Structure formats: C-alpha cells, structure tokens
Amino acid sequence: MMVQANIQKAFKYLIAVVPYPINLQTTFSYTFYDGPPFATGLPHYGHLLAGTIKDIVTRYAYSQGFHVERHFGWDCHGLPVEYEVDKANNITGPHDVEAMGIAAYNDKCREIVMRYSEQWKVNLVYSGVKVMPFSTACATPLSNFEAGQNYKDTQDPAIVVTFPLDNDPSTELLAWTTTPWTLPSNLALCVHPDKDYVRLLDKHLNRHFIMMECRIASLY
C-alpha cells in the first residue's frame, strides 16, 4: 500500500508540472481521427503499439499550441462490404452510387452485414477455436502479417526411428520426426494410401527397411 501511495503522489506531481499551452482556443486546429479496434474483434498488441504512436503525435501537436480534437471511430471493414454490394448491383463507380442514392446504398450495405445473423441461426456461422501464431516475447497472438515479418528458414534436429513388423521382425518401418519426445505416446504408424512404399536392404546395416519411395534420396 505504501508503494501504491508513493506512485499516486508521483503522478500528481508529474501532472502538476506538465507545461500546457496557455491559449487552448487557438485558431490552429489539429484534427485526428483514431481508429480503435475492429468492431468485430478485441484489442491486441498491434492496437497498443499504434495507439502509443498516435498518442505521441497528438500530444506533441498539443504542446505546440494546436487545439487538438480527437475523434474515435470503429473500423468495420467497410470496403469488403461495399465490394459485395457493388458486385451484386453492377455498380462500377461513384456515379452509380449517386444514381441509387446514398441512403439506399447504405441500406444494402447493412443487409450484407445482417445476413450473418440469419446464417448464425442455421449454424452456418459459429464460435470456435483456431490455432494462431503466438509471440512468446509479447505474450500475445500475432496476425499473419506480423508472423511473417521475421520468418526464417532454420535447421532443425531430427531423428529416424525404426519399428519392426510384428509378423516379420527382420523388416522395419522408418519414421522421421523432429519431436522425439512424443515417441513414448505413439499408438500407431500411418501410411499414405496414394503414395508408393518400397522395401529395401541397407547393405551397410544388413537390415530391411520399408519407407516412402520418394524419400529414399533424402536418407540415402
């Protein structure tokens, strides 16, 4: 509690000494439209990073004597919706929208969005789970764009494991894995029904192996 009280006291001091412009009703305005998280999602690290940058810009403008108006809105992915409306109504440009009327055009956009409520009722849209790229450093999911920014091809250790056949222990199936710690929990070996497999003799080891034909070159 003592630490919290000291922090609150420090914040009060910092707020007291911040030099604000004397004339807040300056004739010079700096208007900033901020796009908060999508209407269909929750905030994530990307919004935090962009929000910090936006805050720095507006604070700087304010400190320079500008009257800063901050307007917040929602990013509702309007362009894809408009594209669907344009395609369904043979709209090729602004003149077609004007001919239809802005109000009528907006109504059609709303219809496109609200159709998902009908799909929800018949289970065509559902809430589920999805595997997402994850940043262990930031402890947050990443978008596909963020995950691909630092993509690298790396060498990964792997092992080849043999599994003797029950009816012919002298012949062994080969399995390749980069996660050997999962081997104790293995229950079965799977083969591809559309791939060709061969039985070969390793003369150096004097053992027979079964493996996918197209992978022979990678092992030998």
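This is a predicted model: local features need pLDDT of at least 70, side-chain atom pairs count only at pLDDT 80 or more; totals for chains, interfaces and linings use all residues.
**Exercise 1.** Is T171 buried or exposed, and which side chain does the side chain of T171 meet in a polar contact?

*Solution.* 
- Start with the location: T171 belongs to strand β6, which covers residues 171–177.
- Next, take the accessibility. The relative value for T171 is 1%. Buried means under 20%, so T171 counts as buried.
- Then look for polar partners. The side chains of T171 and D168 form a polar contact at 2.8 Å.
- Finally, list the contacts beyond four places in sequence: F163, P164, L165, R199, H208 and I210.

**Exercise 2.** Which residues make up the largest nonpolar core, and which element gives the largest share?

*Solution.* 
- Collect the members. This core has 7 residues: V81, V85, I91, V97, Y105, C109 and I112.
- Assign them to elements. Both α3 (78–88) and α5 (102–121) give two or more residues. The largest share, 3 residues, is from α5.
- Follow one member, I91. Setting aside neighbours within four places in sequence, I91 contacts D86, D96, V97, M100 and Y105. Of these, V97 and Y105 also belong to the core.

**Exercise 3.** What lines the second largest pocket, by element and by class?

*Solution.* 
- Begin with the space: the second largest pocket holds about 460 Å³.
- Count the lining. There are 16 residues, with L174, A175, W176, M212 and R215 nearest the centre.
- Sort by element. At least two lining residues come from each of β6, β8 (207–212) and α7 (216–219). β6 supplies the largest share, 4 residues.
- Sort by class: 13 are nonpolar, 2 polar and 1 charged.

Technical notes. Residues are numbered from 1 along each chain as its sequence is written. Side-chain values use heavy atoms; hydrogens and water are left out. Buried means under 20% relative accessible area, exposed over 50%, partly exposed in between (1.4 Å probe, protein chains only). A polar contact is a pair of N or O atoms within 3.5 Å; within protein, one must be able to donate a hydrogen and the other to accept it, and residues adjacent in sequence count only if both atoms are side-chain atoms. Contact means heavy atoms within 4.5 Å. A nonpolar core is a set of buried Ala, Val, Leu, Ile, Met, Phe, Trp, Tyr and Cys residues joined through side-chain atoms within 4.5 Å. On a 1 Å grid over the protein atoms alone, a cavity is a set of points where a 1.4 Å probe fits but cannot get out, and a pocket is an open set with protein on both sides within 12 Å along at least five of seven lines; lining residues have an atom within 4 Å of a point. Grid points are joined across faces, edges and corners, and a volume is the space filled by probe spheres set on the points. Ala, Val, Leu, Ile, Met, Phe, Trp, Tyr, Cys and Pro count as nonpolar, Asp, Glu, Lys and Arg as charged, and the others, Gly among them, as polar.
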